[in-house]
Amino acid sequence: KNYIFIVALNNNHCKIFLKCYNKTNGETRKRMQKGERVMKKFLASILVVSIFATLLFSGCGKPVAPEDAFVAPENYVSVVQITINPTANLYLDADNVVLAIEYVNVDAKECYSKVESEIVGKNLDAAVNVVVSTAEQDGYFAENKAVTIDLVETKTEEKKAEVLNTATASVKAVLTEKNIQAEVKLSEASQKVVEDKAAADKAAADKAAADKAAADKAAADKA
């Protein structure tokens with residue numbers, strides 16, 4: 001027998017009809033039966049793809065957010081990132097108290113999740129101490145000899161340099177205390193923030209000194 005395959009699509013359903021016609025010899029029948037099996041597999045594949053596409057575009061295929069997805073606290077002011085090999089973001093309030101810690105990579109989660117309660121709720125100085133100490137205990141300074149600090153975000157422009165200087169000083173203090181030989185670096189953007197603030201402070205100090213000298217000279221001349 002010879003065969004005709006008829007595919008009918010209706011409301012996302014696929015129906016396959018097999019219609020036979022004419023008589024033929026045994027050899028042709030075998031070829032037709034083989035062709036039937038191949039065609040059925042091909043049509044089944046098309047059906048699976050069609051169903052998947054329908055589910056995807058209907059919304060069923062949207063990725064589900066992981067259960068441990070990080071949600072930033074609403075009242076944070078700054079975000080400081082500390083990278084050793086673990087990389088973590090510390091979310092700070094206006095008083096530089098850590099509101100939350102975000103694990104940027106797997107190493108950070110494995111390293112800091114066990115001491116999260118010692119980080120969240122603490123001021124930046126104490127939190128940095130825990131971060132660096134824990135990384136050292138877990139052996140991350142064995143290969144990596146640097147701590148990089150970056151101000152990822154801030155909602156208060158005037159506190160940029162203050163936050164960075166506090167973090168830098170805290171890291172250096174704990175490295176000295178623990179006798180850890182490592183370099184403390186700022187990201188390029190954060191380094192510029194500190195340098196600009198230092199230059200602005202120096203300019204203000206120089207102006208104040210110049211104004212005082214001028215005032216003193218005017219007073220002396222008047223006398």
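**Figure 1. Lys217 and Asp221 both sit in helix α5, four residues apart, about one turn of the helix.** Helices here are DSSP runs of H or I with at least four residues, strands are DSSP runs of E with at least two, and both are numbered from the N terminus. This is a predicted model, in which local features need pLDDT of at least 70 and side-chain atom pairs count only at pLDDT 80 or more, while totals for chains, interfaces and linings use all residues. Residues are numbered from 1 along each chain as its sequence is written, and side-chain values use heavy atoms, with hydrogens and water left out. Lys217 and Asp221 form a salt bridge, and their closest N and O atoms are 3.0 Å apart. The term salt bridge stands for a side-chain nitrogen of Lys or Arg within 4 Å of a carboxyl oxygen of Asp or Glu. Both Lys217 and Asp221 are exposed. For accessibility, buried means under 20% relative accessible area, exposed over 50%, and partly exposed in between, using a 1.4 Å probe and protein chains only. An α-helix has 3.6 residues a turn, so residues three or four places apart point the same way.

**Figure 2. Two further salt bridges are Lys202 with Asp206 and Glu157 with Lys160.** Lys202 and Asp206 both lie in helix α5 (residues 188–222), four residues apart, with their closest N and O atoms 3.0 Å from each other. Lys202 is exposed, with a relative accessible area of 52%, whereas Asp206 is partly exposed at 41%. In the pair of Glu157 and Lys160, the closest N and O atoms are also 3.0 Å apart. Glu157 is exposed at 52%, and Lys160 is partly exposed at 23%. The salt-bridge count comes to six.

**Figure 3. Strand β4 (residues 87–92) is largely enclosed by the rest of the structure, because six of its six residues are buried.** In a regular strand the side chains alternate between the two faces of the sheet. Both faces of β4 are covered: Thr87, Asn89 and Tyr91 are buried on one side, and Ala88, Leu90 and Leu92 are buried on the other.

**Figure 4. β4 pairs in the antiparallel sense with strand β3 (residues 78–83) and with strand β5 (residues 98–103).** Two strands count as paired if DSSP finds at least two bridges between them. The pairing of β3 and β4 runs over six bridges, and Gln81 has Asn89 as its bridge partner in β4. These two strands, β3 and β4, form a hairpin with three residues between them. β4 and β5 pair over five bridges, with Val98 in β5 as the bridge partner of Leu92. The hairpin of β4 and β5 has five residues between the strands, and there Asn96 takes a positive phi near 65°.

**Figure 5. The largest nonpolar core has 34 residues.** Those with the most contacts inside this core are Val80, Leu90, Tyr112, Ile119, Val132 and Phe141. Elements giving two or more residues to the core include β3, β4, β5 and α3 (124–137), and the largest share, seven residues, comes from α3. A nonpolar core is a set of buried Ala, Val, Leu, Ile, Met, Phe, Trp, Tyr and Cys residues joined through side-chain atoms within 4.5 Å. Leaving aside neighbours within four places in sequence, Ile119 is in contact (heavy atoms within 4.5 Å) with Leu90, Val98, Ile101, Tyr112, Ala127, Val130 and Val131.

**Figure 6. Helix α3 has 14 residues and reaches 20 Å from its first C-alpha to its last.** This reach is close to the 20 Å expected at 1.5 Å a residue, where the expected span is 1.5 Å times one less than the number of residues. Buried residues of α3 include Leu124, Ala127, Val128 and Val130. Among the elements covering the buried residues of α3 are β3, β4, β5, α2 and α4. Gly139 follows α3 and has a positive phi, near 85°.

**Figure 7. Ala189 is found in helix α5.** Ala189 is exposed, with a relative accessible area of 53%.

**Figure 8. The protein averages a pLDDT of 79, and 70% of the residues score at least 70.** pLDDT is the predictor's confidence in each residue, from 0 to 100. Over residues 1–5 pLDDT stays under 50, and the model has 29 contacts beyond four places in sequence for them. Residues 55–65 also have pLDDT below 50, with three contacts in the model beyond near neighbours in sequence. Where pLDDT is low, the predicted coordinates should not be read in detail.
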